[in-house]
Amino acid sequence: MSSTAWLTVFVLAVFLGFEVISKVSSILHTPLMSGANAVHGVILVGAIIATGSTTDNLQLAIGLLAIVMATVNMVGGFAVTDRMLGMFAKPRRAPGDPGSSGASGGSGAPGASGAPAGAATPPASSGEAGK
C-alpha cells in the first residue's frame with residue numbers, strides 16, 4: 001500500500017470518527033464510550049498489525065500515531081467507565097458507624113441505639129431533679 005493510500009485512510013478515519021462522535025448527544029456519550037471499549041481494543045490490535053507490515057518511514061510514523069491514539073482512547077474509555085460506575089457505588093461505612101450492621105445487630109442490646117456499650121445515660125433535666 002502506498003504512502004498516499006495510508007495517509008488517505010488515516011485522514012478519512014479521523015474525519016469519520018470526529019463526525020460520528022460529534023453527532024452523539026452528551027447524555028449518551030459516556031454509556032456509548034463504556035460499551036465501545038472492546039471495539040477500541042480491536043482497533044488497537046489492528047493498528048499494531050498494520051504498523052508491523054509497513055515498509056516506509058512515513059507509514060511507520062502514521063502507524064505509531066494510530067497506536068498511541070488508540071491506546072489513549074481505550075485507556076480513557078476504561079477511566080470514564082470506572083468513574084461513572086463509582087458514581088453509582090454505595091458509600092462504604094466503618095464497622096462502628098451508626099446505621100451500619102455492626103456487632104450490636106440491632107437486637108436492643110446495650111449500644112444498639114448508636115451509643116457505645118459503656119456510655120452512661122444522660123442526666124435527668126433540672127426540672128425532674130427536685131421531685
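This briefing describes a pocket, a helix and a loop residue in the structure above. The model is predicted: local features need pLDDT of at least 70, side-chain atom pairs count only at pLDDT 80 or more, and totals for chains, interfaces and linings use all residues. Residues are numbered from 1 along each chain as its sequence is written, and side-chain values use heavy atoms, with hydrogens and water left out.

**Largest pocket**
- The volume of the largest pocket is about 910 Å³ (a pocket is an open set of points on a 1 Å grid over the protein atoms alone, where a 1.4 Å probe fits, with protein on both sides within 12 Å along at least five of seven lines; lining residues have an atom within 4 Å of a point; the volume is the space filled by probe spheres set on the points).
- It is lined by 25 residues, of which A13, G17, H40, I43 and N73 are the closest to its centre.
- Two or more lining residues come from each of α1 (3–22), α2 (26–35), α3 (37–52) and α4 (57–87) (helices are DSSP runs of H or I with at least four residues, numbered from the N terminus).
- The largest share of the lining, 8 residues, belongs to α1.

**Helix α3**
- N37, H40, G41, L44, A47 and T51 are buried in α3 (buried means under 20% relative accessible area with a 1.4 Å probe, protein chains only; exposed means over 50%).
- These residues lie on the same side of α3 because they cover an arc of only 120° around the axis (the arc of the directions from the helix axis to the C-beta atoms).
- On the other side of α3, A38, V42 and I49 are exposed.

**Residue T54**
- T54 is placed in the loop between α3 and α4.
- T54 counts as buried because its relative accessibility is 17%.
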